[in-house]
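Keep the viewer open while you read.

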Amino acid sequence: MSLTPLISSGHQPQEKDEAGLWQSVDELEAAVRESHLIIKDEPLNAYIETVVSRVLGEHASDVRVYIVRDPSFNATMAPNGMMIVHTGLLARMRNEAQLASVLGHEAGHYLRQHSLNRWRSRRGKTDVMAFVAVGAVVASGATGENWFDLANSINDALIYSIFSYDRAQESEADAFGLKLMWESKYSPSEAPAVWGQLIGEWKASADAREKRYRKRKKAATSTHPPAEERMDYLRNAADNLAKNGANNALIDNGRDRWIKAISPWRQEFLEEQVKLNDTGASLYLIESLAADGWDGVLRYFEGDAYRLRSEEDDQARAIKAYRDAIEYTDCPPEAFKFLGYALMKNGDADEGKLHLQRYLELKPDAEDAKMVQFSLDY
Ligand SMILES: [Zn+2]
C-alpha cells in the first residue's frame, strides 16, 4: 500500500476523463454552494478550515469543506476537492482529533485519486461520453431533501463512481488518514475511537428496535464486520505509532478548541438526531458525549429522547432527565416546558405550572407562548 499523494497541490485535471469528472462535480458543487442545506456560519467554517489546514498542510487550499444539514454520520470527498461533511458527523465528534481523523481519511481518497481510479477500472479511460451536460439538471434539482438527491439528479452511474470506494481504497484512506494525523500531531487513537463509537451506536440502535418489536432473538445488524475490521486495523496501527513514535509529547486531541467551536451548534445538531426517534442511537450518542461530562443540553436531549419514544416508564425517565437538565445554566428553556407538561400529565399540576411559568419567563417570545399561557390559565 503506497501512501504517497498522487497529485501535487494546485492539481488540475490531466486527461479528458478526469476533466469530465471534475466538470460534473464542479457543477454539483455550484449547486451545493447555493443549497439551503449548507451551513454558512463564518466562525464554524473558519474553525473547520483551521483543522483542514493543520491536517492537509500544503494540500489544504485544494480542499473545500461544505457542512450539510443531515443527521446521518457521513462525509464524502469528490475528485475536484469538494468535501461534504454532515451535521450528524459533527454531532458525534468528541474532540478535534476525531474530526481530523475523518478529514484525513477523506483527504486520502482525494490525494490517492480514488474516484478517478475507480472510474477508470469500470469505464476505461476513453468513455468520456458519460459526462453529459448536467448544469440544467442540477439547477432544477436544487430543492431536494438532502444533498444526495441533488447529486443523484445529475447522473446515478457517475455519482456512484465518484462517491463509492472499494474496500482496498477504504483501507488505504484509513492508513493515509492515520499518517496525516500522526504528522499533524493529533492523537491517532482517536481514529479507532470514532469507529468504536459508531459501531456501539449501531448496536444500540438495533438492540432498541429489537426490544421494541420483540422480533428476533438477536439483532440482525448486531455486528458489522467491515466496520469492526477497520476499527481493529486503526487501533493496531495507532498503538504501533504511539509505541514507536518520538513526538508523543506534542500530541493533543484538541478537545477544548472543539467544544468552543461546536457549542453554539450542538443543540441544533443533536435536535436533528433526536427527532429521528431512533432512541437507541440517540441515547447511546448522548451518553457517549456525556463521557466527557454531562451538561444541560445533553440532559435535555436525554429527556427528549424518552419523551418522543413514550413507551412504558419513558415519562418518568423524561421527567428525571429534564429535572437534571434544569440544574445546569446551559439548559435549553424548553426543558422547563416539557418538564411542566410531563408533570401535569402525571397529576402534579401545581409543580408543572411553575415550570411552564419559568419557560415563559425565559422565552417570552416563544412561538408557542400563547399556547403555554393557555395551559397555565386553564
Ligand atoms: Zn472512505
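Ser187 sits in the loop that runs between helix H9 (167-183) and helix H10 (190-213). One thing to keep in mind from here on: this is a predicted model. Is Ser187 buried or exposed? With a relative accessible area of 14%, Ser187 falls under the 20% cut-off, so it counts as buried. Leaving aside residues up to four places away in sequence, Ser187 touches Ala97, Met181, Ile251 and Asp252. There's also a polar contact of 3.0 Å between the side chains of Ser187 and Ser189.

Move on into helix H10 and you'll find another serine, Ser205. Ser205 counts as buried because its relative accessibility is 5%. Which residues does Ser205 touch, not counting those up to four places away in sequence? They are Asp278, Gly280 and Ala281. The side chains of Ser205 and Asp278 make a polar contact at 3.0 Å. Those two residues are 73 residues apart along the chain, yet their C-alpha atoms are separated by 6.6 Å.

Next, the strands. Strand E1 (residues 64-68) has 4 of its 5 residues buried, so the rest of the structure largely encloses it. E1 pairs with strand E3 (residues 82-86) in the parallel sense, over 5 bridges. On the other hand, strand E2 (residues 75-77) runs antiparallel to E3, joined to it by 3 bridges. E2 and E3 form a hairpin with 4 residues between the strands, and there Gly81 takes a positive phi near 100 degrees.

| Residue | Opposite residue in E3 |
|---|---|
| Val65 | Met83 |
| Ile67 | Val85 |

How many of the residues of E3 are buried? The count is 5 of 5, so E3 is mostly covered, with buried meaning under 20% relative accessible area. In a regular strand, side chains alternate between the two faces of the sheet. For E3, Met82, Ile84 and His86 are on one side and Met83 and Val85 on the other, and both faces are covered.

Now for the aromatics. Searching the whole structure turns up 5 aromatic pairs. One of them is Tyr300 with Tyr322: the ring centres are 6.0 Å apart and the planes sit at 40 degrees, so this pair is tilted. Tyr300 belongs to helix H14 (residues 296-309) and Tyr322 to helix H15 (residues 314-325), so the pair ties together parts that are 22 residues apart in sequence. Tyr300 has 4% relative accessibility and therefore counts as buried. Tyr322 is buried too, with a relative accessible area of 1%.

Tyr322 also pairs with Phe338, and this pair is stacked, at 6.1 Å centre to centre with 25 degrees between the planes. Here the link goes from helix H15 to Phe338 in helix H16 (residues 334-345), distant parts of the chain that are 16 residues apart. Phe338 counts as buried because its relative accessibility is 16%. Which residues make up the cluster that includes Tyr300? Tyr300, Phe301, Tyr322 and Phe338 form one aromatic cluster.

Zooming out, the protein chain has 18 helices and 3 strands. It counts 378 residues, and 52% of them are buried. Among contacts with a separation of 6 or more, 67% come from residues 24 or more positions apart. The accessible surface of the chain comes to about 18,300 Å², and carbon and sulfur atoms account for 50% of that.

Finally, a word on confidence. The mean pLDDT of the chain is 87, and 85% of its residues reach 70 or more. Where does pLDDT stay under 50? One such stretch is residues 132-143, for which the model has 14 contacts beyond four places in sequence. Residues 215-224 also have pLDDT below 50, and that stretch has 12 contacts in the model beyond near neighbours in sequence.

Note on methods: Residues numbered from 1 in each chain as written. Predicted model: local features only at pLDDT ≥ 70, side-chain atom pairs only at ≥ 80, totals over all residues. Heavy atoms only, no water. Helix = DSSP H or I, 4+ residues; strand = E, 2+ residues; numbered from the N terminus. Buried < 20%, exposed > 50% of the residue type's maximum accessible area, 1.4 Å probe, protein only. Contact = heavy atoms within 4.5 Å. Areas by Shrake-Rupley, 256 points an atom, 1.4 Å probe, with all protein chains shown as cover. Pairing = 2+ DSSP bridges. Polar contact = N/O pair within 3.5 Å; in protein donor to acceptor, adjacent residues only side chain to side chain. pLDDT = per-residue confidence, 0-100. Phe/Tyr/Trp six-rings, centres within 6.5 Å; stacked < 30°, edge-to-face > 60°.
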